[in-house]
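Good morning, and thank you for making time for this presentation. I would ask you to keep the sequence and the structure in view while I speak.

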Amino acid sequence: MTTVQTALKKKGRKNGKRWTIHLFPIPALIIYSVFVLYPILAALTYSFYSFKGFSRESFVGFDNFVTLFTTEPYGSMFTNAFKHNLLYFGLQMIVMNGLAFILAFVIYKKVRGAEFFKIAFFLPRLLSVIVVGFLWKLILNPNFGTLNMLLGKLGLEELQRAWLGDPNTALISIILVNCWFGLGFGVLIFLAGFQSIPGELIEAAKLDGAKGMTMIRKIYLPLMIPSIMIMTVLTFIQSFEAFELVYAMQGSMGEPYYSTDTLAVFFYRLAFGSSTSGSSDAIGLGSALAAVLFFFILICTMIFLKFTNKKEVEM
Amino acid sequence: MKNSSMWSKPFYYVLVFAVATISLYPIFLMFLSSFKTSAEIFKNPLGLPTHFSLDTYRTLLSKVPFDQYFINSVIVSVTSVVLVVIFCSLAAYYIARFKFSWNNAIFFIFLLGMMIPIKLGIVPLFILMRDLGLINSLWSLIFMNIATGTPLTVLILTGFFKTMPTELEEAARMDGAGNLRVLWSVLLPLMRPALGTVVIVNFIAAWNDFFFPLIFITEKAKMTIPVGMLSLFGEHSADWGSLFAGLTLASLPMMILFFVASKQFMEGLTAGAVK
Amino acid sequence: MRKMTKYLLLFLFAMLVTFVLAACSDNGNDSKADTDEGTSENGETASEEKVKLTIGSWRTEDVAKYEKVIALFNETNPDIQVEFNPTKNTEYNTVLNTSLQAGEGPDIFHLRPYAAGLKLAEAGFVEPISDINGLDQYSEDYLAASKGTDGEQYGVPLNISSTQFFYNKKIFEDQGLEVPTTWDEFIEVNEKLLDAGITPIAMGTKEGWLLSLTHGIVGAGVLDGNTFADKLVTGDKDFTDPAFVESIEAMNDLKKYFPANSEGLGMDDIRTLFAMEQAAMFPLGSWEIPVVNELNADLDYDFFPMPSKAGNQTVTTWVDGSFAINAKSKNKEAAKTFLEFLTTKEFGELFVDEFKMISAIPGITSDDKLLSELSKAVESNSTPYYWVINFVSGDPTTKTVLETELQGMYLGEVTPAEVAQKLQENAETSFEPFK
């Protein structure tokens with residue numbers, strides 16, 4: 001692959017002001033650094049201090065991190081929440097991204113009414129998470145919710161349950177609502193990916209007699225790697241940062257009985273206290289948890305990007 | 001290809017219809033319920049409302065300065081989206097098309113923002129906004145939308161810049177085009193699907209954000225729709241019809257904008273970037 | 001095609017410029033307002049006599065009511081402009097704490113009761129107001145909700161919340177039931193309702209706070225109100241006491257009287273069940289009266305205090321909120337004037353009439369029969385809601401542990417004895433008398 005740089009070099013000094021290219025990333029970098037990086041880094045330093053109420057007391061080194069993993073109930077809350085995040089990721093990859101890929105392919109293949117379907121799939125994504133949580137709480141309501149009523153009409157009474165009150169179904173219900181919410185975005189990304197595949201490649205493959213599964217395996221899948229990569233990284237990060245919907249549907253306690261707790265909800269509880277009983281003493285612990293979460297996501301993403309970069313180069 | 005489409009076409013349609021129904025039903029339920037009374041909603045959640053009247057909407061609109069909220073939301077969202085897309089296109093182009101040794105580092109710094117809850121930094125942020133004199137200014141929201149939208153936008157755009165063939169660009173350079181011109185008139189037009197995606201995503205995020213307005217805006221005249229409507233949850237906790245009307249009002253402008261704008265975006269999508 | 005893109009871009013650019021200009025001029029107004037404030041702070045400009053106070057609160061449902069309060073206040077204080085700016089209940093703490101930590105925030109704010117709110121005072125965010133007029137009329141118990149460990153008063157108590165059973169009078173009459181006066185009669189009423197195919201108690205266990213609230217009521221029945229509570233708060237009794245374990249077991253035994261799917265029901269659901277006459281009793285707080293009335297104005301209901309095993313009857317009470325002054329407020333004098341207004345009989349009467357809540361000011365009566373009966377019960381036979389008053393420290397708080405573990409108990413994950421054990425372990429780390 002010839003890079004643009006080599007092209008530039010070949011061209012010599014026709015472009016006298018080549019340094020101006022370095023101005024390109026500056027505006028984004030500045031705003032992003034001031035309003036995201038700086039406050040986060042400032043807050044991360046809290047993880048090395050002990051707190052009493054709102055006042056920072058003394059520098060305690062890694063004490064907060066040690067407490068987080070060795071002291072009960074924090075230790076078991078952490079493992080519990082971590083498992084839920086893993087499930088979040090797994091289910092979203094299979095249900096949401098899997099379905100989105102298929103749907104994008106179907107639309108790409110030009111079903112009639114493609115416009116309508118694209119809009120339909122994407123429409124939930126337009127709603128605010130508060131609205132989404134509220135609507136689904138109503139649909140999943142055990143006594144007057146639509147879902148149980150529908151199951152009743154279909155003669156499936158034994159499937160009726162308190163979806164959000166039963167620890168066995170609460171988390172899965174929330175994750176599926178999240179899939180409902182995020183599906184359209186996945187479809188858009190994958191569709192954009194399919195449509196970026198150069199038409200000549202497909203024509204050439206067809207001329208070579210490729211069809212059906214061979215076509216998908218040899219042409220579509222490899223060329224879809226960039227969009228698959230984007231969706232995987234995004235889903236991974238969003239799964240481990242899962243907060244808004246859980247908070248909107250089950251509050252900051254991960255109810256019932258911590259069965260819907262996630263790391264970010266746990267973090268929120270530590271740093272801001274539960275919403276009704278006032279603030280907690282755990283700003284330091286909360287920051288420590290955020291730091292752990294951060295490094296975990298960072299390392300996983302790095303490994304993942306390394307892996308896919310290699311793949312891309314191989315192609 | 002023809003053989004396989006014989007059996008797969010019906011299956012395709014069943015699939016897209018099923019998913020579309022599930023996607024649309026809750027939204028339909030929201031519209032429907034806004035015309036019902038609380039008792040109706042609980043006794044017959046699936047049925048149609050017994051009478052149709054816009055009274056709930058009228059009362060709601062007379063209670064909240066919806067037009068003011070709407071104008072604020074439009075100013076914040078449009079400005080944020082235009083700026084974030086311009087800034088991120090520049091940055092992503094730099095990261096994807098040049099091989100300076102620090103490019104991966106820059107890319108990674110941008111990604112960091114997605115990996116940590118921004119809520120963590122809310123106190124330092126508040127102090128920063130106060131010192132910049134941006135409390136109760138729409139600019140505080142615009143800056144936050146740009147900054148928090150940057151990681152995802154850079155990620156998506158960088159990915160798509162990498163898929164663009166270099167030949168066109170090289171040709172343009174041979175014709176003497178500078179960087180900005182290459183980006184503007186060669187690459188970006190090819191990127192319309194991706195641009196459409198990031199515009200939509202950023203617009204939704206900006207439009208629906210309620211955490212930052214909640215913290216940075218205390219004056220009623222500067223509030224945006226989600227925050228203004230959020231108060232309805234408290235005021236009408238028992239009046240479900242009004243609540244649904246409020247939710248509908250909060251979501252409706254976004255949907256209308258989407259329908260109007262989707263033509264543009266979707267055309268971009270179906271036209272196909274590379275012919 | 002090229003032309004079209006060009007126009008589109010031009011259009012976008014024009015839009016951007018317009019909005020930037022619009023936003024800038026907005027900003028311009030802001031900075032002008034800032035300088036105005038600056039001069040009034042120096043206090044000398046004659047034109048700036050009107051002081052503006054802002055009030056922060058979690059009571060978004062009370063906007064219209066506070067407008068009436070402010071109008072009454074302005075009758076005597078026309079120079080002080082007041083704006084009531086509530087934040088949604090669940091986000092209030094985050095919003096308030098953030099602005100206070102940055103040295104900003106409303107002039108007056110609604111303080112959460114007891115330890116939760118006093119934490120703000122300890123951090124120095126709240127102005128001591130021991131010197132304002134009108135405080136001496138309140139009972140010590142009520143003042144304690146916003147009295148710091150330093151002995152200073154930090155808030156004016158606003159309203160008393162009480163929890164008890166509400167019951168549907170029509171259902172009770174139809175079934176020939178009397179209001180229970182002993183614990184055994186209470187159980188009997190439940191059994192009869194159950195036999196008649198009526199859901200006895202509208203209660204759900206999905207939201208934890210409903211569980212501590214219900215234990216506040218039911219626990220007082222098993223533990224005979226103050227008899228146990230007095231010893232608990234001094235540390236003479238603790239949560240491993242057999243009597244306390246019995247109170248948790250009693251909570252567990254009540255489950256059969258709850259509606260179907262009670263593990264999935266929250267506040268809105270159980271209120272609706274009671275208001276729609278699908279359940280006979282409703283264990284909840286006085287603040288639900290206006291909401292239930294709004295949902296079904298024709299509902300004929302009343303309350304009964306919790307009957308205990310020893311034959312006493314109690315309602316469980318605490319101060320639900322106080323108003324405090326921001327230590328960084330620029331208008332402390334005006335804010336104090338407003339707080340003094342909150343201690344007057346005129347305000348108390350307006351409050352009871354409009355808010356349909358029990359005022360912390362003594363001797364305020366109400367035209368509403370239910371409310372005035374309830375106020376009487378609060379004054380004559382109340383027991384403190386110790387989960388909020390004494391057990392809201394620790395991380396998680398002891399109250400939170402109660403809520404989570406009770407939820408676990410109802411889901412069959414833990415036994416009542418284990419609930420008591422976990423409470424004890426938590427309280428030993430945070431509750432002074434147990435340490």
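Predicted model: local features only at pLDDT ≥ 70, side-chain atom pairs only at ≥ 80, totals over all residues.

Let me begin with a definition: a salt bridge here is a side-chain nitrogen of Lys or Arg within 4 Å of a carboxyl oxygen of Asp or Glu.

Asp131(B) is exposed, at 56% relative accessibility, whereas Arg130(B) is partly exposed, at 29%. Searching the whole structure gives 23 salt bridges over all chains.

I turn now to chain C. Which residue forms a salt bridge with Lys68(C)? The partner is Glu354(C), and the closest N and O atoms lie 3.2 Å apart. Lys68(C) belongs to helix H2 (residues 63-76) of chain C and Glu354(C) to helix H14 (residues 345-355) of chain C, so this pair ties together parts that are 286 residues apart in sequence. Both partners count as partly exposed: Lys68(C) has a relative accessibility of 43%, and Glu354(C) one of 25%.

Another salt bridge in this chain joins Glu432(C) to Lys435(C), with 3.3 Å between the closest N and O atoms. Here Glu432(C) and Lys435(C) are both exposed. There is also a network, in which salt bridges that share partners connect Arg59(C), Glu61(C), Asp62(C) and Lys65(C).

Lys65(C) leads us to the aromatic residues. Besides its place in that network, Lys65(C) lies over the face of Phe355(C), 5.9 Å from the ring centre. Phe355(C) in turn is a member of a cluster linked by ring pairs, together with Tyr66(C), Phe73(C), Phe84(C), Phe323(C), Phe338(C), Phe341(C), Phe347(C) and Phe351(C).

How many aromatic pairs does a search of the whole structure find over all chains? The total is 82. One of them is formed by Phe116(A) and Phe117(A), in an edge-to-face arrangement with 5.3 Å from centre to centre and 65° between the planes.

In chain C, strand E7 (residues 279-285) has seven of its seven residues buried, so the strand is largely enclosed by the rest of the structure. What are its pairing partners? Strand E5 (residues 156-168) of chain C pairs with E7(C) in the antiparallel sense, over five bridges. Within E7(C), Phe282(C) is the bridge partner of Phe166(C). Strand E6 (residues 199-201) of chain C runs parallel to E7(C) and is joined to it by two bridges. Thr199(C) has Ala279(C) as its bridge partner in E7(C).

In chain A, helix H13 (residues 263-272) is mostly covered, with 10 of its 10 residues buried. After H13(A) comes Gly273(A), which has a positive phi, near 75°.

Trp19(A), Leu23(A), Ile26(A) and Ile30(A) make a nonpolar surface patch of about 410 Å². Where is Trp19(A) found? Trp19(A) is in the loop between helix H1 (4-11) and helix H2 (26-44) of chain A. At 54% relative accessibility, Trp19(A) counts as exposed, because the cut-off for that class is over 50%.

Thank you for your attention.

Conventions:
Residues numbered from 1 in each chain as written. Chains lettered and ligands numbered in written order. Heavy atoms only, no water. Phe/Tyr/Trp six-rings, centres within 6.5 Å; stacked < 30°, edge-to-face > 60°. Lys NZ or Arg CZ within 6 Å of the ring centre and 35° of its normal. Patch = residues over 30% accessible without salt bridge, like charges linked within 9 Å, V, L, I, M, F, W, Y side chains within 5 Å. Areas by Shrake-Rupley, 256 points an atom, 1.4 Å probe, with all protein chains shown as cover. Helix = DSSP H or I, 4+ residues; strand = E, 2+ residues; numbered from the N terminus. Buried < 20%, exposed > 50% of the residue type's maximum accessible area, 1.4 Å probe, protein only. Pairing = 2+ DSSP bridges.
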